[in-house]
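Student: I would like a close look at a single part of this model, the place where the two chains meet, with the terms spelled out as you go. Please take me through it slowly and connect it to what lies around it.

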Amino acid sequence: MSDQIDFEPIETARQQWQETVLADALSKHAQRDEEGLRTASGIPLQPLYDPSDDDPCTYLERQGFPGCFPFTRGVQPTMYRGRYWTMRQYAGFGTAEQTNARFRYLLEQGQTGLSVAFDLPTQVGLDSDHALAQGEVGKVGVAIDTLRDMETLLAGIPLDKVSTSMTINAPAAVLLAMYIVVAESQDVDWSVLRGTIQNDILKEYVARGTYIFPPDPSMRLIRNTFAFCSHRLPKWNSISVSGYHIREAGATAVQEVAFTLADAIAYVETALGAGLNVDEFAGGLSFFFSAGSDLLEEVAKFRAARRMWAHIMKQRFGAQSARSMTMRFHSQTSGAALTAQQPDNNVARVTLHALAAVLGGTQSLHTNSRDEALALPSEDSVQIALRTQQILAHESGVANTVDPLAGSYVVEALTDEIESRALRYLEQIESMGGMVRAIESGYVQREIADAAYTYQRQLEEGKRVVVGLNRYVSTQEPRRDIMRHDPGLYDAQLARLSEVRFERDELAVLHALRSLRSAAQQEDQNLMYPIIDCVRRYATLGEICGELRSVFGEHTQQGVV
Amino acid sequence: MAKRVRILIAKPGLDGHDRGAKFIARGLRDAGYEVIYTGIRQTPESIVATAIQEDVGFIGLSLLSGAHNELFPRIVELLRRENAEDIVVFGGGIIPDEDIPQLKSAGLRAIFTPGATLKQIIEFIESCQHDRNLS
């Protein structure tokens, strides 16, 4: 048997097909316009892919087997034949009581993991009574000022059983500290806790905006949480390197992969620089991607990202353990792809997005609600979103075999193409001195802004169609009920905060805060321990971040248009 | 020749979602206006100070976090206090329909919600300019 497959007969036949059958068809009916025949990232699609686009001789090298290097086909050998992905709906609004009620509702509905949305003051380390928090308390997530709020948020939820993802970045160490102190009060050992802190500051500078400190001290906080988690919380993901927000800010699928991996490389380097061993912490790294509407490109994106990460970890960083090389990721359906117009159409879009994530081998998934472009989701919209995942899992059949689109000529070709385009970006970033420098220079922000601008122009010029938005538009939009915030929540949150301030031992708080400040001044100290001490004494999030601000300074940046 | 119209695009509050704001800023710039973009996380006070200092004719506010009912009217109020109410303020973002009447009565001249096009915003600016030139 020959090592090489002879593609010549196929190529000859293809050429013949192109010149006769295809040419004949094209002479009668032209194809649609060019823009519509590209992927969402702008990769031109051939009319047809065939076996010569997917050389089986390179199968082991490019695809291999699930659970084995290079993990293109999935991170576990059985994937969803063993266990479905974790259905994890991101939720949080108003006060800790309200969010606790929503969590219990979701768990009753069959959700299998929690995902906490924090309000913006919490995300930027401000207490609810801070002047800049006005109007923002409890709006996009739950308000957490002290350990008291976290106790309420998690009341009655067995922390040894659920896994909890917390979308928190700049003050991630503080919220993690609160979580583990609550676990203690439930008599749950730290070592069994499962969950994730997002903890990905670099994408905050380029896309999401909830930074507090400048890049260098922010990277130190991340190193500290890596070291802490690898020693004390072995089942905890100490970071979720996030392409989601980069994509939602307007990046293409290729840029999403490239910039996320570039961020991840920077985190690995900072941890190695602090003397950690790669296999000691790399198992705690997880990822987070967007799942958009271009089904084939999205599936290819997930597969390409997995393969690239495996190569980076093995070849560049010398990882030995398989877990260090596996890219485990959460995905969320794209919010930016949803329309405020004819919002029920979003149910169909979310189904498509969720299908892409599942076919792409996601470990957990959030499905957006149809009313996402209007307001926070209502309870029945959340239920449809969760049911969408359950229908995919139990009815579609796509979860019953591993990586079902592998071997599709087009999906393999796109997987290769996304990898090679993303590699070019990585080389470019490398030549600029790495991701931190590339961000500081504004390069990454400009690339994203350019892609966003191009896409939006295409929409406005009708070169790309979004149903109900720029085609098949309804003039009469039915009014619908959306979730409104409880107007009394702000006062309730302030009352609770001042109650905690009144009841706590003020001297102990001051002492703990002072210790934190002095630890912050010494580069070799792991800040997790003094932060846990502050949290236990009911120091507020604003006070803790305030101490760190006084040592680290604050980051500000000009808008890049 | 008429002075070029200057527009401040601003992000009040803590919300970091500025894809829309950046698109509008760049689109208006490409359409020939002079545009200044503040970047994210601006206080109402700093937005008003920048608007006055830069002598703009328009302020476009973008907010997706739900804090518009508190922050948009505050900016109009601060402009009034500075005797700068001739600056036209418009807004955009995730803003429920039922909030729009109260924002307009607070002095916002227009609210653009998801799906609004650059063309609609330019038409709005031009019609305001037209009214200004008549008065």
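Tutor: A polar contact is a pair of N or O atoms within 3.5 Å, where within protein one atom must be able to donate a hydrogen and the other to accept it, and where residues adjacent in sequence count only if both atoms are side-chain atoms. Across the interface of chain B and chain A, this rule finds 11 residue pairs in polar contact, both residues being at pLDDT 80 or more. The model is a predicted one, in which local features need pLDDT of at least 70 and side-chain atom pairs count only at pLDDT 80 or more, while totals for chains, interfaces and linings use all residues. Residues are numbered from 1 along each chain as its sequence is written, chains are lettered from A and ligands numbered from 1 in the order in which they are written, and side-chain values use heavy atoms, with hydrogens and water left out.

Counting contact as heavy atoms within 4.5 Å, the interface takes 36 residues from chain B and 43 residues from chain A. Together the two chains bury about 3000 Å², 54% of it on carbon and sulfur atoms, where buried area is the accessible area (1.4 Å probe) that two parts lose on being put together, summed over both. Of the area that chain B buries against chain A, 27% is supplied by Leu14(B), Arg19(B) and Arg26(B), more than by any other three residues.

The interface also holds 2 salt bridges, a salt bridge being a side-chain nitrogen of Lys or Arg within 4 Å of a carboxyl oxygen of Asp or Glu. In one of them, the side chains of Glu70(B) and Lys139(A) meet at 3.4 Å, N to O. On the side of chain B that touches chain A, the elements giving two or more residues are α1 (19-30), α3 (68-81) and α5 (118-134) of chain B; helices here (H or I, at least four residues) and strands (E, at least two) are DSSP runs, numbered from the N terminus. The largest share of that side, 8 residues, comes from α1(B). By class, the side has 13 nonpolar, 11 polar and 12 charged residues, with Ala, Val, Leu, Ile, Met, Phe, Trp, Tyr, Cys and Pro counted as nonpolar, Asp, Glu, Lys and Arg as charged, and the others, Gly among them, as polar.

β1(B) pairs with β2 (residues 34-37) of chain B in the parallel sense over 4 bridges, pairing being called if DSSP finds at least two bridges between two strands. Within β2(B), Ile36(B) is the bridge partner of Leu8(B).

In chain A, the side chains of Arg501(A) and Glu543(A) form a salt bridge at 3.8 Å, N to O. This pair links distant parts of the chain, with Arg501(A) in α19 (residues 489-503) and Glu543(A) in α22 (residues 541-552), 42 residues apart. Arg501(A) counts as partly exposed at 26% relative accessibility. Salt bridges that share partners join Arg501(A) and Glu543(A) with Asp127(A), Asp129(A), Arg504(A) and Glu506(A) into one network.

Notes:
Buried < 20%, exposed > 50% of the residue type's maximum accessible area, 1.4 Å probe, protein only.
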